[in-house]
Amino acid sequence: MASHRRPKQPSRTRVTVLTATAAAAVALSSQAAQAAPKQDKKDVKAQVDKLYEQAEQATEKYNGVKEDQNKLQKEVDRLQDKVARGQEELNQLRKGLGSVASGQYRSGSIDPSVQLFLSGDPDTYLDKASTLDQLSGHQAQELKTIAEKQRRLAQERAEAAGKIQDLTETRKALGEKKDEIKGKLAKAQELLNTLTAKEKAAMEAAEQRANRDNSRADLGDDVPASQRGAAALSAAQSKIGSPYVWGATGPSSFDCSGLTSWAYQQAGQSLPRTSQEQANAGTRIASQSDLKPGDLVLFYNDLHHIGLYAGNGTVLHAPKPGASVRYESINNMPFAFGVRV
């Protein structure tokens, strides 16, 4: 028969040990939870900088898509204008032929081939035109002209429709890139919001020092490679202190490729919109030691950042969100190559 003895109660000593162990575990967990954010905060600047870099990568892609959109919009406008003019010409040709038909009708001798055309099927007419002897040479040419105009107009309408579809897809891609950029910047701001007021002040002070250091930049005495390069660098120098704004091309704010394209525009030279396209705007320079003031300088493997060489190992650029146009060491970012426009 089974025993029904009461279970043995833990001793006071055992209870005390268990309680102390549990308390210690809770205390350690609490300390770990409190310590974790402090550990993360050490990496906040690195995480924010990484997000800013990713936002800039997305910005250059956005700039490229926006450029595609602008080109497509111009092409659509051109085609639609061409279709409208073609339709007007077609209407005038039909009107002229209709007048001839009206005259024939009133005289009771409307040409059967003209009747066939006015029935709305000129292609059928053209297929059978060789068998119709009643059509005058002038009318035959008019009908052929109208039929050809109709064919061209149909082709132009189809081409315009295709371009409009491309434009719609490009606008969608543009919106997606815009959302991606905003998402990266919002995430960076969330991280910045985890900092204490003291930590934020220290980070802002470091950024302000970087901006102020422009007045003390030692550019050396390097000679520009060309008068145009010197003029572009001078134009960019006039914008020192202007804020970085993604997608901006001046004159009051810039992103990286926006600054370089604006600067060269002031020097009378048109550059493509994106850093990747500007990489092909001249002769490539592989070595930093061969750079001259006014040369373009590309950074990172995917070439998503660009600036102007200012001399003595210094680049003038629009760095990132929250920063302004300023000088920095060329070694602050991974150098890819230079371009002499």
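Author: Helix α8 (residues 256–266) gives the second largest pocket the largest share of its lining, three residues. The model is predicted: local features need pLDDT of at least 70 and side-chain atom pairs count only at pLDDT 80 or more, while totals for chains, interfaces and linings use all residues. Residues are numbered from 1 along each chain as its sequence is written, and side-chain values use heavy atoms, with hydrogens and water left out.

A pocket here is an open set of points on a 1 Å grid over the protein atoms alone, where a 1.4 Å probe fits, with protein on both sides within 12 Å along at least five of seven lines; lining residues have an atom within 4 Å of a point. A volume is the space filled by probe spheres set on the points, which are joined across faces, edges and corners. Helices (H or I, at least four residues) and strands (E, at least two) are DSSP runs, numbered from the N terminus.

The second largest pocket holds about 160 Å³ of space. Its lining consists of E67, T249, S261, W262, Q265, Q269, S270, L271, P272 and R273. By class, three of these are nonpolar, five polar and two charged; Ala, Val, Leu, Ile, Met, Phe, Trp, Tyr, Cys and Pro count as nonpolar, Asp, Glu, Lys and Arg as charged, and the others, Gly among them, as polar.

Helix α8 is largely enclosed by the rest of the structure, because nine of its eleven residues are buried (under 20% relative accessible area, with a 1.4 Å probe and protein chains only). The buried residues in α8 are C256, S257, G258, L259, T260, S261, W262, A263 and Y264. After α8 comes G268, with a positive phi near 85°.

The largest pocket has about 680 Å³ of space. It is lined by 28 residues, and K45, D49, Y52, E207 and K320 are the closest to its centre. Here α2 provides the largest share of the lining, seven residues. The classes in this lining are twelve nonpolar, five polar and eleven charged residues.

Of its 341 residues, 35% are buried. Among contacts (heavy atoms within 4.5 Å) with a separation of 6 or more, 68% join residues 24 or more positions apart.

Key:
Buried < 20%, exposed > 50% of the residue type's maximum accessible area, 1.4 Å probe, protein only.
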